[in-house]
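Work through the exercises below with the sequence and the model open. Try each task before reading its solution.

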Amino acid sequence: METRPLGRTGAEVSVVGLGTWQLGGDWGEVDEETAAGVLDAALDAGVTLLDTADVYGDGRSEERIRTALATRSERPFVATKAGRRADPFEAAQYTPENLRAWIDRSRRNLGVDTLDLVQLHCPPTAVYSDQRVYDALDALVEEQAIAAYGVSVETVAEGLTALEHPGVQSIQVILNVFRRKPLEQLLPAAAERGVGVLARVPLASGLLSGRFTESTTFGADDHRNYNRQGEAFDVGETFAGVPYDVGVAAAREFVEIAGDRAPAAVALRWVVQQPGVTSVIPGASRVGQVRSNVEAAGLPPLSDAELADLERLYDERIRQHVHDRW
């Protein structure tokens, strides 16, 4: 497994990590045994970056990570997120007291004194330019409650604002074949400042696996059912903001470009080879998905012709639906 430096944190992390939203909730039920199997499969395959959040299952994802690591001698880099326990539309709730409380709770959930990385979890846009928030995070670094901090963003503009603050060590952003706008400004700006980039929603909530049709249904507790129009949180987190029918049709063309390779692995390989990306963090709710995701690290780079085909697919099928918004 190839590793890359995560910004200026001093950590080297695998180019394919594991996102653990599925192990907390909002993707259908994942029981304890399955969650343990997913984490073990990832770690055994060389994954050294786990991404979680305090709101994934109200802490269940963090707690499952703590359990999985309890018997392992080598500890991966664990990135968590904080802020969504507040009203997601209330910037005033991002106080030093609340930040400390959320971070202390994650320390307990993960069973550590110092969190490897805490990312602001897609807060209101105003938070990214609030110096008081960064001062509070700097104080928590000084106290060794956290080793480093970064931001998770919905838009390129939010990411560029965050990069103006020197303490920011990482940017987490949605990036995939159907969501390319971060390539234009955000990734080059992050690279220039020595800031790591974690690419989330790399499979567009499963669209790029090529398994879905217009008639595919999702459970009542799956965000792909209840958040298609952004009813619960930003619509970009579900199918990368692409209207479902549009995404399914475009995914058929993507599968043709992937040829005899697993579509999901090709989609992840595309992300991994984008300049400035540190790691891609696909989620998994089954061991087989972990193994498929890890395959991407071993694929040869996509050819110039394939990259051109994927750019054409985006321009013709997707751009008009997502580009300006994000």
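**Exercise 1.** Find the aromatic cluster that holds Trp 21, and list its members.

*Solution.* Trp 21, Tyr 56, Tyr 226 and Phe 233 make up one aromatic cluster. Rings of Phe, Tyr and Trp (its six-membered ring) pair if their centres lie within 6.5 Å; planes under 30 degrees apart are stacked, over 60 edge-to-face, the rest tilted. The structure has nine aromatic pairs.

A note on the source: this is a predicted model, in which local features need pLDDT of at least 70, side-chain atom pairs count only at pLDDT 80 or more, and totals for chains, interfaces and linings use all residues. Numbering starts from 1 along each chain as its sequence is written, and side-chain values use heavy atoms, without hydrogens and water.

**Exercise 2.** Classify the ring pairs that Phe 218 forms with Phe 239 and with Tyr 244.

*Solution.*
1. Take Phe 239. The centres of the Phe 218 and Phe 239 rings are 6.0 Å apart and the planes make 55 degrees, so this pair is tilted.
2. Locate both. Phe 218 sits in the loop between strand S9 (196-200) and helix H7 (223-226), and Phe 239 in the loop between H7 and helix H8 (244-258), 21 residues apart. Helices (H or I, at least four residues) and strands (E, at least two) are DSSP runs, numbered from the N terminus.
3. Take Tyr 244. Its pair with Phe 218 is edge-to-face, at 6.2 Å centre to centre and 90 degrees between the planes. Tyr 244 belongs to helix H8 and Phe 218 to the loop between S9 and H7, so the pair ties together parts 26 residues apart in sequence.
4. Check burial (under 20% relative accessible area, 1.4 Å probe, protein chains only). Phe 218 and Phe 239 are buried. Tyr 244 is buried too.

**Exercise 3.** Which arginine lies over the face of Tyr 244?

*Solution.* Arg 228 does, at 4.2 Å from the ring centre. The test asks for NZ of Lys or CZ of Arg within 6 Å of the ring centre and within 35 degrees of the ring normal. Arg 180 lies over Tyr 314 at 5.8 Å.

**Exercise 4.** Give the strand order of the open sheet and name its edges.

*Solution.*
1. The eight strands run S3-S4-S5-S6-S7-S8-S9-S10, with parallel pairing. Pairing needs at least two DSSP bridges between two strands.
2. S3 (18-19) and S10 (279-280) are the edges; each has a single partner strand, so one side of each lacks a neighbour in the sheet.
3. S4 (residues 49-51) and S5 (residues 77-82) share three bridges. Asp 51 has Ala 79 in S5 as its bridge partner.

Note on methods:
Buried < 20%, exposed > 50% of the residue type's maximum accessible area, 1.4 Å probe, protein only.
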